[in-house]
Amino acid sequence: MDQFLAFTVVGLSTAAVYAVIGTGLVVTHATTGVFNFAHGAAGMLSAFAYWQLAVGWGWPVPLALAFVLLVLAPAFGLLVERVLMRPVQALGEAERLVMTVALLTGCIALARWVWDPNTARPLTPFFAERPALRLGPAAVTWHQAITMAVALAIAAALWALLHRTRAGTGMRASVDDRALAGLTGADPLRATRLAWVLGIQLAAVGGILIAPAVALDAQQLSLLIVSAYTAAVFGRLRSLPLTFLGALVVGLLEAYLAGYLPQNDYLPGLRLAAPALLLFLALLAFPHRRLRGRDRTPVRVPLPTARGSLLLAGTIVLFALVLVTVLAEDDLLSYGTLFPLGVIALSFVPLAGYTGQISLCQLSIAGIGAVVWGHLGAHGELWALPVAMLVTAAVGALIALPALRLSGIYLALGTAAFAVVLDRWIFTLPAFEVLSVRITFFDQGSVTVTGPDLFGLHLTSPAQLLVLSAVCLALASVGVAALRRGRLGRRLIALRDSEAAYATLGGRLLVAKTAVFALSAGIAGLGGALYGMQLQTVTADQFNLIAGLPIFLIAVIGGLGAVGTGLFTGIAFVLPAQLMSGLGSWAHDVTALLVALAGMGLAHNPSGVLAQMRAEWAPLGRNRPLLCGLLGVLGVCWLLAALDVANGWLLLAIALVTALLLRVRAAAAQRPPTDIPPEWWGVRRPWRSEDGEVLSRATTTAG
């Protein structure tokens, strides 16, 4: 009984922290309609800032707390609202979600860059020198007592704010109809600003309270938010009492699992994955109507042509041949992951780009593909590659079943929970048997991966594997483009626009979602197998949720509807990191920070940069003389680099400058005259979208 009470006290203390953080999520979402994936990262940064002030610089604890909670946290909340969220407020739910994912990635990268993750930074609990309080046989430390008291005080203060003040009423009204709230005298902008400040402050309180009980690690503290996600989902992202109930369930569950879970090789990971598993089950169990997202994606999905798809495939293979001929073997090992990561990123296109289904577990699914290939293709058996794709496709089909009940942020939460369960529990399991079938994942270690046997040749060298990955990316890109042009592609676009209308017109949601999830997972499984071949040895940490977020962000930056997103993501993810790798270990964090900053610029170009790049370079592609001149210069530079006649960086600079100059020349040559009469618009120059409005005004004025 004494042990039970001790675990109960620990669970209540942990639940209090989850309640504080969860209420911050609820306040932000209930007021702004934005689910802040970076909520835990804000608490993490606050904990680091508090450590820096109180321990690193020796500030008095009260002064450090006041500065973090009353200055830094509100300033960060105002910055997020003004710079990041306000520009995307009018966009769809997916765009707002991506913005918070970018903020999460940027916060983690910033913390790892500023505070070396290899240095221990312990935090002392509040009043640690005082003896614990006794509640019968149970002992309650002062830190635990303060944590529970703070949670209760925050609950009472928030309830009073939201239900007994004019500001709170305006906050609750703003999310339903900002225009109507403004007509009634409320200020939606002020309500949104106040919600972000309160939300970040609550995250800061939670981060500081829980930091002494865990390692002060950027990734670990940020992922503690999964437990707060569960509490917030219990509250339907609106109810504070239900959020506290959910926090209580999660906190006690973690404490009791830590105390009473049997000790064997299969169950330790279950305790770590329990909050994510509970989140997944809660998303499925709650009423369907309450969990529907209001996602409306205004971004148009481009229609690739057959000629353009083949040109892209040829470019991918040609780019691979250039790398093979100009790079040394050591460099090929570094740049070889470019094409496998491109295949994984391509899996987002049919799922998120065509169907509008946001998945944050694609890299985790790729990990399953790498494991299946590593075990079944240990001796290069080529048949194991399609088997790996089939296994991952089956996993994707299983994910599609709950996807019928979820959309928008709720689907993103469900897939994120699935990735955490894989990372913390499934991937850590030792080998086991199911119906006489032996199943092995990473077997609590690493998996050695080799290349396949192809036409009697065992592909093992970095150059061979790089070309193989490029060919697979080229074929997958052509296939995804053909899907978009076909009947199924049109159905997927219709499904993205309106699931209700799609079902009303005879579409079968179960079949469509299962098919697209399976297809996307199969592509990710192929990319995971190729990724493992390049790395030769893979571990579970390489396929966790945090590792997959930058890939998702770069795919969004490129444009989730564009087939070229695969190649773009591979280049943008690998090339800057390798170019900056010689600067030091901190270069990786700087690269991740740059990716996050680029993702935060989504509001300026929600369609992705590939559409803009295509429009800017199209004149050069249509100007055959200039295009032939550019290809000639590129060919000469390639030949000189392959023969090692000139410095590679100099040749690259020459090629880039030549391409930019020719692009400007082609654009100038294509620019039409400005004095063309209106009756020749569309004949002597391309028709523009604004021409119809101009002619209508002219005829109205003349009449």
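**Exercise 1. Describe how helix α27 and helix α28 pack in this predicted model.**

Solution. Helix α27 covers residues 609-622 and helix α28 covers residues 624-642; their axes lie 5 Å apart, at an angle of about 95 degrees. Helices here are DSSP runs of H or I with at least four residues, strands are runs of E with at least two, and both are numbered from the N terminus. The axes are lines fitted to C-alpha atoms, for helices over the stretch in contact, and the angles run from 0 to 180 degrees between N-to-C directions. Angles under 35 degrees count as roughly parallel, over 145 as roughly antiparallel, 65 to 115 as roughly perpendicular, and the rest as oblique. Therefore α27 is roughly perpendicular to α28.

Next, list the residues that meet. From α27 come L620, G621 and R622, and from α28 come R624, L626, L627 and L630. Contact means heavy atoms within 4.5 Å. Sorted by class, the α27 contact with α28 has four nonpolar, one polar and two charged residues. Nonpolar covers Ala, Val, Leu, Ile, Met, Phe, Trp, Tyr, Cys and Pro; charged covers Asp, Glu, Lys and Arg; the others, Gly among them, are polar.

A note on the basis: residues are numbered from 1 along each chain as its sequence is written. The model is predicted, with local features needing pLDDT of at least 70 and side-chain atom pairs counting only at pLDDT 80 or more, while totals for chains, interfaces and linings use all residues; side-chain values use heavy atoms, without hydrogens and water.

**Exercise 2. Locate E81 and state whether E81 is buried or exposed.**

Solution. E81 sits in helix α3, residues 61-85. Its relative accessible area is 2%, so E81 is buried (buried is under 20% relative accessible area, exposed over 50%, partly exposed in between, with a 1.4 Å probe and protein chains only). Leaving out residues up to four places away in sequence, E81 touches R86, L189, T192, R193 and W196. Of these, T192 is 111 residues from E81 in sequence, yet their C-alpha atoms are 7.6 Å apart.

**Exercise 3. Identify the residues that touch the most other members of the largest nonpolar core.**

Solution. A nonpolar core is a set of buried Ala, Val, Leu, Ile, Met, Phe, Trp, Tyr and Cys residues joined through side-chain atoms within 4.5 Å. The largest one has 184 residues, and those touching the most other members are F37, M44, Y229, F339, Y354, L360 and F442. Beyond its neighbours within four places in sequence, F37 is in contact with residues including L97, L104, Y229, L360 and A416. Another core, of six residues, lies apart from the largest one; L626, A659, L662 and A666 are among its members.
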